Amino acid sequence: MGALPLEIGKLNNLQGLDISDNKLSGHIPSTLGNCLKLESLRLEGNMFQGSIPLSFSSLRGIEILNLSRNNLSGRIEEYLAALMFLENLNLSFNNLAGELPLQGVFGNLSVISLAGNKGLCGGSAEMQLPTCPKSVRKGNRLGFKVIVAIACMIPYSQMLFKEPKEARNDVDQNEKIRQAKVRECLMSLMRIGVACSAESPGERMNVKDALVGLMTIKEVFLGVGIHGKRHSCEGTSRACY
């Protein structure tokens, strides 16, 4: 009984953890996301509450994830669909709610279990879940974060979209190249934001493609800021659709 200690995240070489049916309570430690070598995580049959930690997005090698028969609540986040090696996902008999992702493991009914979560909606037709009401179907959070990022950059982008006057000699060729690449990255970011924010889940951009696109934009943008020239965001723009 009791809580799972935060120090468990220090087990850097941990590959498998099975503490099922131990009457553990409290929140699942976010520090488990530091155990990057985890392949199997079984926490079923306890009394864990709260949401599934976002830090689990770091468990890129996870193959088995069983969180069933707890008191978990909140959404099933999109990042779970991007865990490429996940072969068995059991989230049954919790209090999870909201729209179900469509991509990744959620497209294979034979490897996931979601029974006993009465608040879930959407997903593929095979899931036989109710259609999400419009109050729930607001576009995924990735799209929302992209739009927020765009809004924060608008004050800076306005000056970048202004072409320098030909009469000015203080803007050299490297600066023109830098500004052109920054504008290119901003346009790519806007395209990803639109593609991730479609009302219908089936029309939204694939989560994996969106993450790859955002990482590419980040690398190019930072590279432009430091060196004045580097890779191009042009390929990212084309990959958005």
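Reply: The largest nonpolar core has 36 residues, and Leu32 and Phe56 have the most contacts inside it. This is a predicted model: local features need pLDDT of at least 70 and side-chain atom pairs 80 or more, while totals for chains, interfaces and linings use all residues. Residues are numbered from 1 along each chain as its sequence is written, and side-chain values use heavy atoms, without hydrogens and water.

Me: What makes a set of residues a nonpolar core?

Reply: Its members are buried Ala, Val, Leu, Ile, Met, Phe, Trp, Tyr and Cys residues joined through side-chain atoms within 4.5 Å. A second, separate core of 5 residues includes Cys185 and Ile217.

Me: Which residues does Leu32 touch, leaving out those up to four places away in sequence?

Reply: Among them are Leu4, Ile8, Leu17 and Phe56; contact means heavy atoms within 4.5 Å.

Me: What does Asn117 touch, not counting residues up to four places away in sequence?

Reply: Asn117 touches Leu91, Ser92, Phe93, Asn94, Asn95 and Leu96.

Me: How do you know that strands S4 and S6 pair?

Reply: Two strands (DSSP runs of E, at least two residues) pair if DSSP finds at least two bridges between them. S4 (residues 40-42) and S6 (residues 64-66) have 3 bridges, in the parallel sense. Arg42 has Asn66 in S6 as its bridge partner.

Terms used
Helix = DSSP H or I, 4+ residues; strand = E, 2+ residues; numbered from the N terminus. Buried < 20%, exposed > 50% of the residue type's maximum accessible area, 1.4 Å probe, protein only.
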